[in-house]
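My entries follow in the order in which I checked them.

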Amino acid sequence: MIKIKDIAREAKVSEGTVDRVIHNRGGVSKKTEARIRKILDHHNFSVNPVASALAMKNKQQISILIPEYNDDDLFWKSPYMGLLKATNDVVSFGVHVNSFTYNQYDPVYYLNTFKELLKTKPTGVIMVPNFSKETQLIVDELEALDIPYIFLNIDIKGFNNIAYVGQDSYTAGYIAGKLMKFNIPDASEILIIQSRYNITKNNAVSNRIEGFNNYFLKNNINYKVQTLKIENLKNSLETKGIINDYLNTHPQIKGIFVPSSRIYIVVDCIEDSHLKNIELIGFDNTPQNTQCLLNDSVSFLISQKPFDQGYEAVRILSDFLIHNKIPNTKTHLPIDILIKENVKYNM
């Protein structure tokens with residue numbers, strides 16, 4: 001007997017979209033609905049009322065712990081939108097999703113938000129583990145309550161999360177090193193500008209830096225790679241002074257690697273006399289970063305598919321809760337290299 005997932009695969013849409021068409025819930029374009037109904041008719045598909053009732057009876061509650069976003073830091077908007085899209089797609093299968101946002105710079109806020117999350121009595125949790133110590137406290141409580149959890153975007157080792165959904169950060173950093181080598185003269189110096197380096201251990205940023213450095217080490221490339229650590233990377237006179245003073249005293253620097261989504265701040269802080277002679281590589285096609293790519297301030301952006309991260313995390317946990325489908329321990333999203341000429345296709 002053909003199932004909804006088979007119809008979805010043939011129509012190249014999500015199972016939630018097929019379910020909305022079957023139950024006339026709307027929210028589907030006329031063209032897509034017509035294609036799905038044609039496939040339904042072809043297979044003489046009919047709804048199993050017993051299975052439908054069972055799905056609604058066995059409701060699941062997924063609760064999500066994710067950093068908040070604002071106009072100065074828009075990265076987390078994309079995974080959040082992916083979560084919302086997935087929320088709409090799984091609701092017809094008896095899965096309800098609640099999202100809780102926290103200040104990514106405040107570990108107390110992080111813990112307090114988790115306490116609010118627990119009030120929803122989740123059967124599964126998706127979380128961005130932004131602080132190692134506090135994450136251990138959260139995980140201890142989840143495991144005591146026998147609640148399965150997935151890590152999103154940041155992969156911290158040593159925990160029992162059923163899955164990680166995000167970028168292969170080490171490989172992304174390694175690719176950034178290779179791109180840098182192609183674009184700067186031999187024997188140049190390279191600067192890594194890193195912020196908030198003491199908050200999370202083994203996180204995405206540190207893994208990118210490790211991959212970046214290892215590209216040069218493993219290939220015996222004699223470039224001097226230096227690191228400038230700025231505790232609070234923001235566009236201020238202090239930050240501008242720190243960066244430009246460093247560049248003034250290290251004139252051989254021809255490349256700058258920013259292993260986070262805030263390369264636009266670095267661009268804004270660098271004096272034009274330095275900027276025109278330096279290749280910059282960063283992460284994530286936020287609007288500010290994309291503008292830097294379009295005006296040639298940045299050479300490359302590496303995208304980690306944040307929208308898809310959010311969507312896949314909900315889908316994977318839903319399958320685990322409903323169908324007991326054991327997920328891959330690592331679900332790595334594609335690593336996209338964005339340049340001025342192709343970034344518009346990734347907006």
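I began with H6 and H7, which are roughly parallel to each other (angles under 35 degrees count as roughly parallel, over 145 as roughly antiparallel, 65 to 115 as roughly perpendicular and the rest as oblique). Helix H6 covers residues 107-118 and helix H7 residues 132-144, and I found them packed at an angle of about 15° with their axes 10 Å apart. Axes here are lines fitted to C-alpha atoms, for helices over the stretch in contact, and angles run from 0 to 180 degrees between N-to-C directions. Helices (H or I, at least four residues) and strands (E, at least two) are DSSP runs, numbered from the N terminus.

I noted that this is a predicted model, in which local features need pLDDT of at least 70 and side-chain atom pairs count only at pLDDT 80 or more, while totals for chains, interfaces and linings use all residues. Residues are numbered from 1 along each chain as its sequence is written, and side-chain values use heavy atoms, with hydrogens and water left out.

Next I listed the contact (heavy atoms within 4.5 Å): from H6, Pro107, Tyr110, Leu111, Phe114 and Leu118 meet Glu134, Thr135, Leu137, Ile138, Glu141 and Leu142 of H7. By class, I recorded eight nonpolar, one polar and two charged residues in the contact of H6 with H7 (Ala, Val, Leu, Ile, Met, Phe, Trp, Tyr, Cys and Pro count as nonpolar, Asp, Glu, Lys and Arg as charged, and the others, Gly among them, as polar).

I then turned to helix H14 (residues 306-323), whose 18 residues reach 26 Å from first C-alpha to last, close to the 26 Å expected at 1.5 Å a residue (1.5 Å times one less than the number of residues). Because 13 of its 18 residues are buried, H14 is largely enclosed by the rest of the structure (buried means under 20% relative accessible area, exposed over 50%, partly exposed in between, with a 1.4 Å probe and protein chains only). Asp319 lies in H14 and is buried, at a relative accessible area of 16%; leaving aside residues up to four places away in sequence, Asp319 touches Asn324 and Lys325.

Last, I checked phi, since most residues other than glycine have a negative one. Asn324, which follows H14, has a positive phi near 55°; Asn324 sits in the loop between H14 and strand S11 (330-332) and is exposed, at 54%. Lys12 also has a positive phi, of about 60°, and I found Lys12 in the loop between helix H1 (4-11) and helix H2 (15-22), exposed at 75%.
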